Amino acid sequence: MGTPSPWVVLVLTVVLVGLSVPRVVYEQPNFIIILADDVGWGDLGANWAETKETPHLDELAAEGTRFLDFHSAASTCSPSRASLLTGRLGARTGVTHNFAVTSVGGLPLNETTLAEVLREAGYSTGAIGKWHLGHHGHHHPSFRGFDYYFGIPYSHDMGCTDTPGYNLPPCPPCPRHDAAARMVRKDCYMEVALPLFENVTIIQQPVNLSSLTERYVEEATRFIRRASDSGRPFFLYLALAHMHVPLEVPLLPPPTTGWDIYGASLSEMDALVGQIKRVADNHGKGNTLLWFTGDNGPWAQKCELAGRVGPFVGAWQRQRGGSSAKRTTWEGGHRVPALAYWPGHVPAKRTSHALLSTLDIFPTLVALAGARLPPNRRFDGLDVSPVLFGWLDVGHKVLLHPNSGAAGKDGEIETLRLAQYKAFYTTGGAMACDGSIGPAEHHQPPLIFNLDRDIQEQEPLDVTSTEYQAVLPAISRAYTQALEDISTDNISVADYSKDPAVTPCCNKQHVACRCQGSWSQAAVLDHLKGRRAIEFVKYSDVHTVHGHPTQTQIKTRGWWGQGLTSTY
């Protein structure tokens, strides 16, 4: 069994000494992890009363347990996903920032994924949706423990499509001539279309974003049915495109404001979760744990196309410029919604205040499956099954937050949570809607906030106060021990080198690697005719976001089973 971190041992000792935790015997349960992208803590109506678009998620919360103090392991895509699938921070796995379209590497091959552990324990394993942990060679999900894969290799704004959706600023559809690709803004990915994979085969390039949600539901349903029919337990990792831009809005009448657009997309995500829950209930209700959460907070620079952070506004940083959401170590960057549903096991109508993390998913599912943690490495996550079952409401005593691009070196531990106290050794703001960026500031001694009294992170404790002086030694010890524990661990190194030759491309002879059969010329014309201009105001700046026709108008047929082989 893997060696836990010293402070993990301490926390577990504090939690378990003197407590008799019931032992439950059950068959290996099924697991469904639904990971939303760039979703805000306040994007759930159960969390934030202003949100009205999530009736299915709110129902899930009512029938299960809602976690109020739940955090992503990083506040950007690749590091967060690597940590979920390994139970280890990026400082250990080497995944400290996002992989690119041309990345040669990915999650290091010596790191063991949750899918690999569960498959060894007899599970059918499937990944549907966004991967973003390397697509070249054996970094592809088909070689990382998943029996089945259907999805996109990275974020869906990292390749052009014929259905570009809503973004700020907007990006045009894929070019059909080389000249068009060269004329587009530099921050639009226009050279290569976004590919859709089934296992190791590109079946569509560019992806039809307008039907992607429907396809994910279809494939998830098919996987659950196949696994249930086989008699084996299953693990489904469903990594959604929602709520990352570009947003797709399959509604009539067309939205007229930025929040209309975001709200419509949020409703679509909510309906998807409701469909998956129904399928799960029909194929093993009472033996399937469904865990919903997010990879990081909202992408604030997208203005009204970004989600709600709820009360976690990072006021101290906002006063100095920049965003305090995605890519930062402020609460809005890493505190994410989280729900667990498992009838007969996870209590209904329960709210947990335990300090938990996506890091905990790995060791918890491994324990519930009766499997063993990989040896010769330490883990940052805890087995929090006692919290899931409602026996305890105590999680991490110490939780580390790495830099995710806003300030300092990528992956460095800049912020530490100790009980209700949060200490910042470095602060900084990501790009905000108004274009401002908060400069990096180093703090020695650290800024310390008491989140019990100051959830908005507005006013740090006075360094001369009795409270600051009382808590600083414990924070300093925890920080020193954490850094020492990481430095003495079995640390991996991720390959971030780039080579255009590894770009997923099903037809290099066509502009943007367009595959035959992805979209007809008539469908493209219909799409372009239906485009509408949507204007909305934020910070007194007017942004124009181009709309698109309804799902009925742009639905494509005939590409399933094309079997276009990708290049490696």
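Student: Is F449 buried or exposed?
Tutor: Remember that we are looking at a predicted model. Buried means under 20% relative accessible area. The value for F449 is 0%, so F449 counts as buried.

Student: Which residue forms an aromatic pair with F449, and what is the angle between the planes?
Tutor: The two rings sit 5.7 Å centre to centre, and the pair is edge-to-face. Planes over 60 degrees apart count that way. The partner is F424, and the angle between the planes is 80°.

Student: Where in the chain are F424 and F449, and how many residues apart are they?
Tutor: F424 belongs to strand 15 (residues 421-427), while F449 belongs to strand 16 (residues 441-450). F424 is buried too, with a relative accessible area of 0%. The pair links distant parts of the chain, with F424 and F449 apart by 25 residues.

Student: How many aromatic pairs does a search of the whole structure find?
Tutor: Good thing to ask! Some ring pairs join up: W131, F146, F235 and Y237 are linked into a cluster. Over the whole structure, the search finds 18 aromatic pairs.

Student: Why is the pair of F389 and W391 tilted?
Tutor: The centres of the two rings are 4.9 Å apart. Planes under 30 degrees apart count as stacked and over 60 as edge-to-face, with the rest tilted. The planes of F389 and W391 are at 55°, so this pair is tilted.

Student: Which charged end sits over the ring of W299 at 4.2 Å from its centre?
Tutor: Two lysines are worth a look here. K302 lies over the face of W299, at 4.7 Å from the ring centre. The one at 4.2 Å is K326.

Student: What distance should helix 7 span?
Tutor: Helix 7 covers residues 212-230, which makes 19 residues. The expected span is 1.5 Å times one less than the number of residues.

Student: Which residues is E331 in contact with, leaving aside its neighbours within four places in sequence?
Tutor: E331 lies in helix 10 (residues 331-334). E331 is buried, with a relative accessible area of 1%. Leaving aside those neighbours, E331 is in contact with H71, F312, K422, L451 and E457.

Note on methods
Residues are numbered from 1 along each chain as its sequence is written. This is a predicted model: local features need pLDDT of at least 70, side-chain atom pairs count only at pLDDT 80 or more; totals for chains, interfaces and linings use all residues. Side-chain values use heavy atoms; hydrogens and water are left out. Helices (H or I, at least four residues) and strands (E, at least two) are DSSP runs, numbered from the N terminus. Rings of Phe, Tyr and Trp (its six-membered ring) pair if their centres lie within 6.5 Å; planes under 30 degrees apart count as stacked, over 60 as edge-to-face and the rest as tilted. Buried means under 20% relative accessible area, exposed over 50%, partly exposed in between (1.4 Å probe, protein chains only). A charge sits over a ring if NZ of Lys or CZ of Arg is within 6 Å of the ring centre and within 35 degrees of the ring normal. Contact means heavy atoms within 4.5 Å.
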